[in-house]
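Q: Can we walk through this structure together? I'd like to start with the aromatic rings.

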Amino acid sequence: EQPIFSTRAHVFQIDPATKRSWIPASKHALGVSYFYDATRGVYRIISVGGAKAIINSTITPNMTFTKTSQKFGQWADSRANTVYGLGFASEQHLAQALPSPLLGSNGPEERLFRSQSADVESSSDKERLKKMLSEGSVTEVHWEAEFFSLQDSNTRLAAALHEANASVEQWKKQLAAYQEETESLRHRVAELESQGTQDSSSDNNKEELSQSLEELELLLKAKDEELQLLKGQRCGRWEAEGEREETLQRLQDLEAQNAELQQRLGLAEQGLAESRAQQQRLQLELARAAEAMDTKILELSELRQGLAKLLE
């Protein structure tokens, strides 16, 4: 059999001992389905909780579904010798709980089913069922249905709150990590800027060094010219031995000075090249650090916006 209509509601049964209070069938809403047996020509209401049938009620002509509140309705089943109650999430759910084939108008109450061939129950059974219905506490039923509905909502809200709190803690940790990394980048940029200031002073030293190199090159050129001149003079005749010895000594001194100047020139050029390479490395590292800091600042801003939305 396929149900002709299904819904969800909190299912109750009357306490068989006191006949004055309700016993909830489950802590959560259960599925309630309406079936039609074409062979027997009868309707049935069935609700299953786990592997157990909570409601298995065959509808008879004398059964009456009574709305005791905006969200609660009940009916008596004489064959099961009990009274069933259904609590719904809203008045609209209760209004749609019974499909149109099961509804009929009879004053303030609503008939579940009409049959011309069904037997009418005895008057004593009617009186007993009416007494069971009248003894049920309407207020208690209403609040029990409200309680279970609120309990479901509270469980969902508690789970959502727990998830939100976990997300907030994770965002806070990530925010602290980003702040720490950003602070580290700021210190690094400050160090690089300080080194850049030192590089500015080193630029002045480089200019002085370049000027010294130029002077050394001019001096070396003059010495080379003088050396060439002396070498040319050495090819001629020497007027005196003393003058020859003096000239040779001067020639050796000039050669030594020339070698020393060439060595100083090489060291100065090497120092200038190293200084320029270091300056380029520092400028590149400074640019990378500034770019990383900008990226982290952007991520930090997005993280704060997300955290603000989450806290709202």
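Q: How many aromatic pairs does a search of the whole structure find?
A: Six aromatic pairs turn up. Rings of Phe, Tyr and Trp (its six-membered ring) pair if their centres lie within 6.5 Å; planes under 30 degrees apart count as stacked, over 60 as edge-to-face and the rest as tilted. This is a predicted model: local features need pLDDT of at least 70, side-chain atom pairs count only at pLDDT 80 or more, and totals for chains, interfaces and linings use all residues. Residues are numbered from 1 along each chain as its sequence is written, and side-chain values use heavy atoms, with hydrogens and water left out.

Q: What kind of pair do Phe5 and Tyr34 form?
A: A tilted one, 5.9 Å centre to centre with 40 degrees between the planes. Phe5 is in strand β1 and Tyr34 in strand β3, so the pair ties together parts 29 residues apart in sequence. Strands here are DSSP runs (E, at least two residues), numbered from the N terminus.

Q: Is Tyr34 buried or exposed?
A: Buried, at 1% relative accessibility. Buried means under 20% relative accessible area, exposed over 50%, partly exposed in between (1.4 Å probe, protein chains only). Phe5, at 23%, counts as partly exposed.

Q: Which residues join Phe12 in a ring cluster?
A: Trp22 and Phe72.

Q: New topic. How do β4 and β5 run?
A: Antiparallel, joined by six bridges. Two strands pair if DSSP finds at least two bridges between them. β4 and β5 form a hairpin with two residues between them. Gly50 in the turn has a positive phi of about 70 degrees.

Q: What stands opposite Val48?
A: Ala53, in β5.

Methods
Helices (H or I, at least four residues) and strands (E, at least two) are DSSP runs, numbered from the N terminus.
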